Amino acid sequence: VKIRERVMRVHQIQRERFSGTDIGFNSRIPAREMETYCPLGTKEKKYMEQIYDRLELTARSYHKLLRVARTLADMDGGDRICDRHLEEAICYRSFDRKFWER
């Protein structure tokens with residue numbers, strides 16, 4: 001029950017964020033809207049620049065990481081994407097690649 005409540009709370013946050021747009025959830029944020037919905041502070045931008053280079057990310061994979069980090073921030077009830085959200089999103093990407101990409 002607690003997991004369902006948490007998911008419902010995050011869905012509500014996203015519905016409010018995207019009210020009046022054709023975006024339904026974080027996973028649907030278009031690349032051109034990333035700065036609007038997934039803004040990063042100076043420290044977080046620098047961190048993601050390093051990750052972008054180190055992991056040789058494409059723009060698409062970079063945006064996917066930001067969308068996941070935005071959702072993790074929503075789960076924490078925060079307005080800002082922090083280092084920990086970015087780090088966790090990167091961990092999920094690594095896990096996903098290990099098991100699903102060949």
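## Phe-18 and its surroundings

The charged end of Arg-17 sits over the ring of Phe-18, 5.7 Å from the ring centre; the criterion is that NZ of Lys or CZ of Arg lies within 6 Å of the ring centre and within 35 degrees of the ring normal. Phe-18 itself is buried, with a relative accessible area of 2%. Here buried means under 20% relative accessible area, exposed means over 50%, and partly exposed lies in between, for a 1.4 Å probe and protein chains only.

## Basis of the model

This is a predicted model, in which local features need pLDDT of at least 70 and side-chain atom pairs count only at pLDDT 80 or more, while totals for chains, interfaces and linings use all residues. Residues are numbered from 1 along each chain as its sequence is written, and side-chain values use heavy atoms, with hydrogens and water left out.

## Aromatic pairs

Rings of Phe, Tyr and Trp (its six-membered ring) are paired if their centres lie within 6.5 Å; planes under 30 degrees apart count as stacked, over 60 as edge-to-face and the rest as tilted. In one of them, the ring centres of Phe-18 and Tyr-37 are 4.9 Å apart and the planes stand at 65°, so the arrangement is edge-to-face. Phe-18 lies in the loop between α1 and α2 (34–37), and Tyr-37 in helix α2, so the pair ties together parts that are 19 residues apart in sequence. Helices are DSSP runs (H or I, at least four residues), numbered from the N terminus. Tyr-37 is buried, at a relative accessible area of 14%.

Tyr-52 and Tyr-62 also form an edge-to-face pair, at 5.7 Å centre to centre and with 80° between the planes. Because Tyr-52 belongs to helix α3 (residues 42–54) and Tyr-62 to helix α4 (residues 59–76), this pair ties together parts that are ten residues apart in sequence. Tyr-52 is partly exposed, with a relative accessible area of 32%.

## Gln-14 in helix α1

Gln-14 lies in helix α1 (residues 2–17) and is buried, its relative accessible area being 3%. The side chain of Gln-14 reaches the backbone nitrogen of Asn-26 at 3.1 Å. Leaving aside neighbours within four places in sequence, Gln-14 is in contact (heavy atoms within 4.5 Å) with Gly-24, Phe-25, Asn-26, Thr-71 and Asp-74.

Gly-78 is found in the loop between α4 and α5 (83–100). This residue, Gly-78, is partly exposed, with a relative accessible area of 24%. Apart from neighbours within four places in sequence, Gly-78 is in contact with Arg-70 and Ala-73.

Notes:
Helices (H or I, at least four residues) and strands (E, at least two) are DSSP runs, numbered from the N terminus. A polar contact is a pair of N or O atoms within 3.5 Å; within protein, one must be able to donate a hydrogen and the other to accept it, and residues adjacent in sequence count only if both atoms are side-chain atoms.
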